[in-house]
Amino acid sequence: MPLTIDTDVYRNPLSYSQATEDVSGENILNARAIGTLTADRTRLTVVSALTNKDRVDHFSFRLSASTQVGLTLTTSRTDDESVVDTSTRPPVRVEVLQNGRVIADSEATSGDLKTAYDKMRADKFDMAAGNYVLRTTRETGGDVSKSPSYAIQLSAGKFSKDYDTVETPASEFQKTSISTSTGTSIANMVGDAQDPRDGYSYNYYTYINVFDYFV
């Protein structure tokens with residue numbers, strides 16, 4: 001099932017796709033970079049899953065200037081489920097961190113942090129320019145034998161460049177590359193960790209923000 005696409009975009013935005021590998025010893029320092037978010041210019045998407053041996057994922061991004069930021073979360077209960085989860089309590093918890101401090105949290109009991117997260121879901125969360133980290137874990141009390149898939153999309157108004165990061169478990173990873181193409185499509189299913197779409201490829205193996213080469 002395809003992710004919902006925002007129709008309020010520039011015509012034929014340029015799309016970039018990279019494949020990344022999950023890492024052991026997961027922490028903020030080895031967060032995979034997913035790009036730079038710039039108002040009315042870029043949109044960032046990351047697609048991954050929490051396997052039974054994977055309790056947490058970290059992804060870093062940079063906000064180029066202060067603006068209101070939106071976040072969309074799409075999940076499935078297992079990595080082989082073809083229908084996305086539509087419950088009010090998704091199986092994946094999302095936290096947004098700045099300088100190691102949580103500033104937004106999808107957990108229902110997180111108080112003001114949940115309010116901040118809800119503002120992000122409504123595209124109305126004010127964020128200052130700087131570096132941020134997305135941290136994903138299972139919902140509190142979630143079944144560790146399940147492997148929920150998820151996609152997180154960050155936006156700040158319209159966009160002319162679309163950056164997609166698709167992550168695979170370490171045991172399934174084949175190569176790391178970045179590719180470009182023209183179009184509005186993104187990863188079709190929140191469990192599909194496929195090779196990047198056809199186009200120009202740039203191979204790399206690093207945690208630097210390689211998407212910045214294409215800004």
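Q: Why is tyrosine 132 called buried?
A: A residue counts as buried under 20% relative accessible area, as exposed over 50%, and as partly exposed in between (1.4 Å probe, protein chains only). Tyrosine 132 has a relative accessibility of 2%, so the residue is buried. This is a predicted model, in which local features need pLDDT of at least 70 and side-chain atom pairs count only at pLDDT 80 or more, while totals for chains, interfaces and linings use all residues. Residues are numbered from 1 along each chain as its sequence is written, and side-chain values use heavy atoms, without hydrogens and water.

Q: How many aromatic pairs does the structure hold?
A: The structure holds two aromatic pairs.

Q: What makes the pair of tyrosine 16 and tyrosine 163 stacked?
A: Rings of Phe, Tyr and Trp (its six-membered ring) pair if their centres lie within 6.5 Å; planes under 30 degrees apart count as stacked, over 60 as edge-to-face and the rest as tilted. The ring centres of tyrosine 16 and tyrosine 163 are 4.9 Å apart and their planes stand at 20°, so this pair is stacked.

Q: Which parts of the chain does the pair of tyrosine 16 and tyrosine 163 link?
A: This pair links distant parts: tyrosine 16 belongs to strand β1 (residues 14–21) and tyrosine 163 to strand β11 (residues 161–168), 147 residues apart. Strands (E, at least two residues) are DSSP runs, as are helices (H or I, at least four residues), and both are numbered from the N terminus.

Q: Are tyrosine 16 and tyrosine 163 buried or exposed?
A: Tyrosine 16 has a relative accessible area of 4%, so this residue is buried. Tyrosine 163, at 1%, is therefore also buried.

Q: Why is asparagine 99 called exposed?
A: Its relative accessible area is 76%, so asparagine 99 is exposed. Asparagine 99 is placed in the loop between β6 (92–98) and β7 (101–105).

Q: Why does aspartate 123 count as partly exposed?
A: Aspartate 123 has 43% relative accessibility, and therefore counts as partly exposed. Its place is in the loop between α1 (112–121) and β8 (125–127).
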